[in-house]
Amino acid sequence: MAEVHNQLEIKFRLTDGSDIGPIAFPDATTVSALKETVISEWPREKENGPRTVKEVKLISAGKVLENNKTVKDYRSPVSNLAGAVTTMHVIIQAPVAEKEKKPKGDPKMNKCVCSVM
């Protein structure tokens with residue numbers, strides 16, 4: 001029974017409704033490590049899978065989880081029940097390509113086109 005309190009069963013719900021897991025994680029596991037698990041377990045047949053931890057956002061109980069926090073920090077009272085599985089929602093945000101970013105102070109944007117007649 002002590003095992004239930006030291007580990008948390010988590011399944012990761014993808015945006016299409018499919019799941020990864022459930023997988024058991026020790027309480028000391030960081031959110032960053034959870035994201036690495038999502039990347040490594042991402043179904044190969046699905047397109048646009050995440051490549052880096054920065055592209056993955058995990059949401060549990062309506063909160064976006066921070067990378068440096070642990071599973072224990074986000075444990076809910078319900079997760080202490082025998083056989084309980086916590087569902088975390090996975091959001092993928094692809095990084096914005098460098099070409100798409102507009103530099104600040106773009107000279108084309110700062111030209112004055114006024115004319116006095």
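Predicted model: local features only at pLDDT ≥ 70, side-chain atom pairs only at ≥ 80, totals over all residues.
Residues are numbered from 1 along each chain as its sequence is written, and side-chain values use heavy atoms, with hydrogens and water left out.

**Exercise 1.** Determine which strands pair with S5, and in which sense.

Solution. Begin with the terms: strands (E, at least two residues) and helices (H or I, at least four) are DSSP runs numbered from the N terminus, and two strands pair if DSSP finds at least two bridges between them. Strand S1 (residues 7-13) pairs with S5 (residues 86-92) in the parallel sense, over four bridges. Strand S3 (residues 56-60) also pairs with S5 over four bridges, but in the antiparallel sense. At the residue level, His89 in S5 is the bridge partner of Arg13, and His89 is likewise the bridge partner of Ile59.

**Exercise 2.** Find the aromatic pair of the structure and classify its geometry.

Solution. Rings of Phe, Tyr and Trp (its six-membered ring) pair if their centres lie within 6.5 Å, and planes under 30 degrees apart count as stacked, over 60 as edge-to-face and the rest as tilted. Searching the whole structure gives one aromatic pair. Phe12 and Phe25 form this pair, with 6.1 Å from centre to centre and 75° between the planes, which is edge-to-face. Phe12 lies in strand S1 and Phe25 in strand S2 (residues 19-26), 13 residues apart, and the pair thus links distant parts of the chain. As for burial (under 20% relative accessible area with a 1.4 Å probe, protein chains only; exposed is over 50%, partly exposed in between), Phe12 is buried at 0%, and Phe25 counts as buried at 6%. The two strands run antiparallel and are joined by six bridges, with Leu8 standing opposite Phe25.

**Exercise 3.** Describe the surroundings of Lys35 and state which side chain of opposite charge is nearest.

Solution. Lys35 is placed in helix H2 (residues 31-41), where the buried residues include Val31, Leu34 and Lys35. Lys and Arg count as positive, Asp and Glu as negative, and His and the chain ends are not counted; a salt bridge needs a side-chain nitrogen of Lys or Arg within 4 Å of a carboxyl oxygen of Asp or Glu. Taking contact as heavy atoms within 4.5 Å, and leaving aside residues up to four places away in sequence, Lys35 touches Val53, Val56, Lys57, Leu58, Leu65 and Asn67.
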